[in-house]
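I opened this model to look up how its fold is put together. These are my notes, in the order I made them.

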Amino acid sequence: MSQSGASPLAGIKALTFDVFGTTVDWRSSVTDELILRAHRKLSPTAPTFPQQASGLPQNGSNLTAELRGRLAALTDDDWRRFAQEWRDSYGVFTNTFDRATSVWKSIDDHHRDSLRDLLAKWDLEGVYSESEIESLSLVWHRLTPWDDSADGLAALAAMSLTTATLSNGNLSLIQDLDDYGNLGFAKFFSAETFMAYKPDPSTYLGAAERMGLQPREVAMVAAHMTDLAAARALGLRTIYIARPQEEAWSEDDERYQATKAALDLWVGENEDGFRTMAAKLKEIRS
């Protein structure tokens with residue numbers, strides 16, 4: 001991490017935040033919902049609604065014995081793997097999107113389409129109706145924040161620092177997460193704002209520009225070195241918040257080592273995340 005003289009973070013006026021994994025615990029929230037939906041399908045006492053009724057979970061009385069058997073055989077660990085594959089598909093989608101040649105597709109649309117594909121891959125096609133797939137795909141709008149997120153964001157706001165999302169999620173998704181978790185972000189920027197997905201430079205530079213700031217006056221906060229490496233290359237300050245199972249690069253990866261060495265602030269996995277970040281920034285600015 002940068003060690004030369006006064007911290008560059010003393011001059012920041014705003015922080016942009018990655019959301020999935022950094023601000024909210026997507027893994028637990030999505031896995032729990034997948035397990036719950038499967039349980040309801042297998043429960044003979046689960047309510048049955050007309051198929052047109054808004055995607056509410058139906059019981060599995062209409063499933064074949066073979067399909068019920070496959071569903072019943074899945075363990076909680078299987079659903080954790082399913083959730084991880086769902087998340088991995090998001091990474092592939094955003095990293096391969098080319099704003100010059102690709103037709104725009106929102107993360108909501110991707111989550112729905114990739115869920116349908118995963119159900120087929122796992123031999124679960126037919127378990128859920130189309131309306132149920134739509135409903136289940138919107139679990140990404142209801143992700144529980146990490147315990148430290150709301151308190152840390154409030155502490156930053158109390159220091160007159162602007163807090164803004166900078167996520168690949170579409171705006172309605174990010175705003176729903178803010179409401180659901182009572183997070184209190186001041187501004188919302190997303191890939192949809194710039195019609196490009198991170199790490200496209202237009203996302204980082206566009207957020208700074210829309211706040212009327214120079215890149216050096218903005219700190220990118222993320223639990224992913226890839227995000228911070230891209231932000232750092234464009235002149236933003238960088239803050240790493242370690243979260244369980246979020247880092248894609250191994251510690252012996254040269255990219256990991258180089259990005260870590262250039263960080264302006266590191267908060268370890270057991271160091272109370274956003275609360276500690278806010279406390280350290282308060283100390284730097286005092």
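The entries below go from the whole chain to the sheet and then to single strands.

**Ground rules.** I am working from a predicted model, in which local features need pLDDT of at least 70 and side-chain atom pairs count only at pLDDT 80 or more, while totals for chains, interfaces and linings use all residues. I number residues from 1 along each chain as its sequence is written, and side-chain values use heavy atoms, with hydrogens and water left out.

**Whole chain.** I looked up the secondary structure and found twelve helices and six strands in the protein chain. Helices (H or I, at least four residues) and strands (E, at least two) are DSSP runs, numbered from the N terminus. The radius of gyration is 20 Å, close to the 19 Å that the globule rule gives for 286 residues, so the chain is as compact as a globular protein of that length. That radius is taken over C-alpha atoms, and the rule is 2.2 Å times the number of residues to the power 0.38. Along the principal axes, the C-alpha atoms fill a box of roughly 70 × 40 × 35 Å.

I noted that 52% of the 286 residues are buried (under 20% relative accessible area with a 1.4 Å probe, protein chains only). The accessible surface comes to about 13100 Å², and carbon and sulfur atoms hold 49% of it; the areas come from the Shrake-Rupley method with a 1.4 Å probe. Of the contacts (heavy atoms within 4.5 Å) between residues at least 6 apart in sequence, 69% join residues at least 24 apart.

**The sheet.** In what order do the strands of the open sheet stand? I read E3-E2-E1-E4-E5-E6, six strands with parallel pairing; two strands pair if DSSP finds at least two bridges between them. Strand E3 (187-190) and strand E6 (265-267) each have a single partner strand, so one side of each is left without a neighbour in the sheet. From one strand to the next the twist averages 20°. Axes here are lines fitted to C-alpha atoms, for helices over the stretch in contact, and angles run from 0 to 180 degrees between N-to-C directions.

**Strand E1.** Four bridges join E1 to E2 in parallel, and Phe17 has Thr165 of E2 as its bridge partner. E1 also pairs in the parallel sense with E4, over four bridges; there Leu15 is partnered by Ala219.

**Strand E5.** Is E5 buried or exposed? Five of its five residues are buried, so E5 is largely enclosed by the rest of the structure. Arg237, Ile239 and Ile241 lie on one side, with Thr238 and Tyr240 on the other. E4 pairs with E5 over four parallel bridges, and Ala219 has Arg237 as its partner in E5. Three bridges join E5 to E6; in E6, Leu265 is the partner of Ile239 and Val267 that of Ile241.

**Helices.** Helix H10 (residues 225-233) sits between E4 and E5 in a right-handed β-α-β unit. Right-handed means that, with the strands pointing away from the viewer, the path from the first strand over the helix to the second runs clockwise. E5, helix H11 (residues 254-262) and E6 make a right-handed unit as well.

How values were computed
Buried < 20%, exposed > 50% of the residue type's maximum accessible area, 1.4 Å probe, protein only.
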